[in-house]
Amino acid sequence: MKVPISWLDEWVPCADVSVERLAELFIERGFPVESVTRTGHAYEGIVVGRVIEVRKHPQADRLVLARVDVGDGTERHIVCGAPNLVPEMRVPVALPGTVMPSGLEIKKSKIRGEVSEGMLCSGRELELTEDHSGILALAADAPLGQPLAQTLGVRADAVIELEVHYNRPDVMSVAGVARELSAALGRPLRDQAQVRLAQAQKTAAQGIVPIKLEDPEGCPRYVGAVLRGVTIAASPQWLQIRLEQAGVRPLHNVVDVTNYVLLELGQPLHAFDLTKLHGPEIRVRRATAGEKITTLDGRDRTLAPDHLVIADRDRAVAIAGVMGGQDTEVTEQTRDILLESAYFDPYRVQVAANRFVLKSEASRRFGRGVDPNLAPVAAARAIELLQELAGARLEEPVGEASARPFAPLTLKLEPARVNALLGDKLSEKEMEKHLSALGFGVRHNGAFHVTVPTYRRDVTEPTDLIEEIGRAHGYENLPDVPIGGAAQGAIREPALVFARQVREILVGLGFTEALTPTL
């Protein structure tokens, strides 16, 4: 999971904490840091320009000559090799004297006999993204001559890449990472973040498009929202940059919004072109033997009865939780969409993803287990962004089909058992503080009655709660205790060292479940 610090700071205040310290906190909490990448610069000398004319270079087939207005009353002649350059395009222009993030100094020069008075920049040259396929396209209304940093609203940033263990799918999102960081720093989530997590789209049993759960075990919850009047266009730069930083390639505003919400909240979404859905209606069912679908990657897939599909009245239009179908793809001509936000059985998603070797961002999350109560929350967030960025108009009521409720689990925890397993003397107040900081609800009546959030699918028994307390308290803070218990004349091996040795061996063998030593 790649998380830009600027995005994380929108959820929990952390901009004043060094990247090195943040990395240490994640490691202490059990999330190894794979890499730290610094992005963003002041971009001194780089301004917004408008392409006036593009013509072929007389001495080079792969180069073009561009006339560019940079807002100072003069025109710049710049040699460029990018294939996407067109008249009226707003682009970043590095003027002579600029030092690029790579250290390259831009000078007025001759390239194959033609004078070049600057350089037009790609996302990679600006160290904003990995895209080097063409010049970075800026917003059509970006003011000419404005400093690029001001236009983009960017600042020096860093991206932390975390290893997320298989049993913690909740941390495959900015929200999940923010919850962990909130507990580690002792700082609450920002008010805006808490509102976002609590805001769920209001739904009705009968929406605009009928939804039928013909396989309620495979899909016990499905939310479908109709949005009309969308305009398919490039997403604003801030959204494209954020997706690129997180390792996702931007396409257009509708798909980008679904990917943005997936990264932010951890809930995969899918958008269908409403006019291409027969009926229109949605049927979530098992595939029939030999049924075929052409997925978005252009490949024909032959389905089997153990595959879960989204179908309209007549045919399968998506492999549930894995990939959509080409027949209902959102294109530049799309004006009305059906937005899907659902909960799919992890096992069923894994079966299809493994069978077709389709490891999509959606299947990685659905296959591990998404919070079953997140669907209406993610739908509300996506609808908000689609209204803002694509001019969408929500048509109510929003439909929802649900086979059963998903109530949070409540576990009973004995404080004495906590200290017995951890070999410590934590007070009950400390135990409650650690659990509450991680999002668990705690009632104290002789024993702890702990409500487990539905996004913590890994916590199913009291021992899991004790592990969470030990993880939050810090295993390095636990005292050395004899293995086997003092009353049994025990081996005098420190419990912490023993636990770490066992953990390292198991992790080396591919196991990812953290262990708590027992007495």
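Trainee: How many cavities of 30 Å³ or more does a search of the whole structure find?

Mentor: Four. This is a predicted model, where local features need pLDDT of at least 70, side-chain atom pairs count only at pLDDT 80 or more, and totals for chains, interfaces and linings use all residues. Residues are numbered from 1 along each chain as its sequence is written, and side-chain values use heavy atoms, with hydrogens and water left out.

Trainee: What makes a space a cavity?

Mentor: On a 1 Å grid over the protein atoms alone, a 1.4 Å probe fits at its points but cannot get out. The largest cavity holds about 160 Å³. It has 16 lining residues, meaning residues with an atom within 4 Å of a point. Pro169 and Asp170 are among the closest to its centre.

Trainee: Why are H12 and H13 called roughly perpendicular?

Mentor: Angles of 65 to 115 degrees count as roughly perpendicular. Helix H12 (residues 428-437) and helix H13 (residues 462-473) pack at about 90°. Therefore H12 and H13 are roughly perpendicular to each other. Their axes are 9 Å apart.

Trainee: Which residues of H12 meet H13?

Mentor: Glu430, Met431, His434 and Leu435. In H13 they meet Leu465, Ile469, Ala472 and His473. Contact means heavy atoms within 4.5 Å.

Trainee: Why does Glu428 count as partly exposed?

Mentor: Buried means under 20% relative accessible area, exposed over 50%, and partly exposed in between (1.4 Å probe, protein chains only). Glu428 has 34% relative accessibility, so it counts as partly exposed. Glu428 is in helix H12. Not counting residues up to four places away in sequence, Glu428 touches Pro415, His444 and Phe448.

Note on methods: 1 Å grid on protein atoms, 1.4 Å probe; cavity = no way out; pocket = protein on both sides within 12 Å on 5 of 7 lines; lining within 4 Å. Points joined across faces, edges and corners; volume = space filled by probe spheres on them. Axes fitted to C-alpha atoms, helices over the stretch in contact; angles between N-to-C directions. Helix = DSSP H or I, 4+ residues; strand = E, 2+ residues; numbered from the N terminus. Parallel < 35°, antiparallel > 145°, perpendicular 65-115°, else oblique.
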